[in-house]
Every structure is written in structure tokens, then in C-alpha cells.
Amino acid sequence: MGSGNMVETTTTTTTSSTFMSDFIGKCGGYVVIDGGFATELERHGADLNDPLWSAKCLVDSPHLVRRVHLDYLDAGANIILTASYQATIQGFEAKGFSKEEAEALLRKSVEIACEAREIYYDRCTKDPWDFMENGRTSRRPILVAASVGSYGAYLADGSEYSGNYGDAITLETLKDFNRRRVQILANSGADLIAFETIPNKLEAKAYAELLEEEGMEIPAWFSFNSKDGINVVSGDPISECVSIADSCKQVVAVGINCTPPRFIHGLITSIRKVTSKPVLIYPNSGETYDGQTKQWVKSSGNVDEDFVSYIVKWREAGASLFGGCCRTTPKTIRGIATALSDKN
């Protein structure tokens, strides 16, 4: 599948350290990440009431996945994340797929995103009026990030929002669980791997060791979630988690996702005390997920559904990559892109 990369996947440690800062520079000093995936799939008619969640669409409606990617590219995204957050070999096997079929579906998640990028670039070539800069056509830099959800996402019981996996889950359990999935995604044609919604220090350590042990050169980002603005959801200090990401040479950016917007400013400050790597933030809408009922519940008190107005302040606080997580839409991402370009 042709990828049309603006930034090629790095193969040496030297260039890996500048991969994201180079990309941020190519984008004009800030990067727009896409937004919520499942909500958009459901809006287009997908039924996600399944342990595979959005990964179910890789099986039965890949055209919808492609459409959502294109919606976010049209909204101004520089980075689109694949529909593999909840796609695990073990999860697919539990639904009756063979190991080979499961691995093919992981690769397919990247192929669909790369196809969407090619379709988008093709459209820009045919109708370049919206893509003019200083009188010449400008091809917007776009990366495909292979999404890796936490072990809790595979359990589909909401434990990625608590980080409580129980005493039976060890560092080795998590490495073994993720090893083959990460190997496949690292060789799938994606530009980087996005380790998302990391709820505890143990899982961050497992990912870092996995990248080192397997000698993977693909760049990665680590993104944690928090429910108090001080710690990750398990209660582990954010500083300790970020420190693991900072010391892993493959990690080119670190930040926060699936977290209420009101905590983001303080978390950016905390992260920047520990690392000089670029900081990414893509909060949710401000609602809270109930793992028992599998419903989003409006937060009491400090409601902050429209966080686009905070984007400029978050950039001033030191973040460089901005997007949305659960319950955000292409409209949110278009708002972010507009807010950043107006300020630039």
C-alpha cells in the first residue's frame, strides 16, 4: 500500500530523536491529531456493542473506517490513528478468528488509514484551491499512527480507566500479551506507534522494555490518562510514568489522552518538568465513562465539553500536538486546527 509519507519512518537512533520535532516543524510549529473514532463510526451507522468495539468495523465495515479517517483529514488532521485500539490477536481469536486472520486484521487497520491518506492527497491534487500557500500548492504533512490500546481495553471492562489489573498481571504478562501485536504494527507501513490510554506505570514499563528488547526502530508515543490531574488513573505519579517514556529512545512524544479537559493545563506543566520531548494532548469531551453500564456520563460540577477555547493556552503551556479523544468529532478537530492557525 503506497503510504505517501512526508516523513519516513526512522531507522537510526540519531534521527529517531528528532523525528517528531522535525515533523512539528514541517507542520508549522504545531500538529493536529484526529478525534474520537467510535462515536463517529456509530454516527455513520456502525453497531459497536461488542468486546472488539471499533475494531469490529475492520471485519464488517472497513469502508466506514476509511470514511471516518477522511472526515478527520478534511477537518485538518496531521496525524490519523488506526482503528486498532481494541484490536488484539487474543480478542480476535476469542471471536473465532485464526491467529493468521487476526494478524491480517491488524495490518488491515494500517492499510485502511494509508489508503485514506492517499485518497485525501489525490483529492488535493485534483482540487488544489484549498491547499495554496504563498501562491503554490502545499501538501499537508500527514502521518499514520498505529494505535495500541492498553491491556484494559482488551478486557473491555473499563479497567483502562482504573489501571487496576489485579496482582496476577505482571510485567512479563503484559509484554507477552503485546509482543506479537506490536511487532506486526511496527512492520505494517505505519509511521509511528501510538501507545494510548496507558493507565499505570507497569504497562508503560512493559511497552518500553518491549520496544528495546525487540530492537524496534519505529518511533512511538506514550499517552497516559488521568482522573485527578496529578496521577495516572491507577494512582501512579505522572512524573514516574513520564520518566519511563523519557528514557526510552523510541519514544518521540509523550502526553495525555482520554482525560477531562480541566486537568490538561496542569498535566502539561508536570510532564514538561520531567521531559524535553514534545508533549501531546488529546482529551475527551469532559464526560466520564462508566465501565459497568458502558455509558458516558456527564460530569457533575465543572463541565468543559467545548475545550477548543483552551487550545491556545495549552500551546502556551508547552504542548505541541493537539487532538481529541472519546466523544470528540471532526467539528472539534476543525475548531482546533482553526484556533491554532489563527494564533500562528
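These legends describe close-up views of one predicted model.

**Reading the views**

Residues are numbered from 1 along each chain as its sequence is written, and side-chain values use heavy atoms, with hydrogens and water left out. Because the model is predicted, local features need pLDDT of at least 70 and side-chain atom pairs count only at pLDDT 80 or more, while totals for chains, interfaces and linings use all residues.

**View 1. Confidence along the chain.**

The predictor's confidence in each residue is its pLDDT, from 0 to 100. The chain has a mean pLDDT of 88. Of its residues, 86% reach 70 or more. A contact means heavy atoms within 4.5 Å. Where pLDDT is low, the predicted coordinates should not be read in detail.

**View 2. An open sheet of eight strands.**

Helices (H or I, at least four residues) and strands (E, at least two) are DSSP runs, numbered from the N terminus. Here eight strands form an open sheet, in the order β1-β12-β9-β8-β7-β6-β5-β2. The pairing is parallel. Two strands pair if DSSP finds at least two bridges between them. Which strands are at the edges? They are β1 (31–32) and β2 (79–81), and each pairs on one side only. Inside the order, β5 and β6 pair in the parallel sense over four bridges. A145 stands opposite L192 in β6. Strands of a sheet pair through backbone hydrogen bonds, either parallel or antiparallel.

Helix α10 covers residues 201–213. At 1.5 Å a residue, its 13 residues should span 18 Å. The expected span is 1.5 Å times one less than the number of residues. The end C-alpha atoms are 18 Å apart, which agrees. Which residues of α10 are buried? They are E203, A204, A206, Y207, A208, L210 and L211. Buried means under 20% relative accessible area, exposed means over 50%, and partly exposed lies in between (1.4 Å probe, protein chains only). The buried residues of α10 pack against several elements, including β5 (143–148), α9 (171–186), β6 (192–198) and α11 (238–246). G215 follows α10 and has a positive phi, near 60°.

**View 3. Three cysteines from a UniProt record.**

An unreviewed UniProt entry places the feature "binding site" at C258, C325 and C326. UniProt positions are given in the numbering used here, feature names are shortened, and annotations may be inferred rather than shown by experiment. The three are spread over 69 residues of sequence, yet they cluster in space, with a largest C-alpha distance of 6.3 Å. C258 lies in the loop between β8 (251–257) and α12 (264–272). C325 is in the loop between β12 (319–322) and α14, and C326 is in the loop between β12 and α14 too. Are these cysteines buried or exposed? C258 counts as buried at 6% relative accessibility. C325 is buried, with a relative accessible area of 11%, and C326 is buried with 11%. Beyond four places in sequence, C325 touches several residues, among them G35, G36, C258 and Y282.

Most residues other than glycine have a negative phi. C258 is not a glycine, yet its phi is positive, near 45°. R327 has a positive phi of about 70°, and it is not a glycine either. R327 lies in the loop between β12 and α14. R327 is partly exposed, at 35% relative accessible area.

**View 4. Two nonpolar cores.**

A nonpolar core is a set of buried Ala, Val, Leu, Ile, Met, Phe, Trp, Tyr and Cys residues joined through side-chain atoms within 4.5 Å. The largest core has 86 residues. Those that touch the most other members are L41, F195, F222, F224, F322 and I336. Helix α7 (residues 99–126) gives the most to this core, with 11 residues. Another core, of 23 residues, lies apart from it; I24, V31, Y282 and C325 are among its members. In soluble globular proteins, nonpolar side chains tend to be buried together.

**View 5. G335 in helix α14.**

G335 lies in helix α14 (residues 330–343). G335 is partly exposed, with a relative accessible area of 21%. G335 and G76 are 259 residues apart in sequence, but 9.2 Å apart in space, C-alpha to C-alpha.
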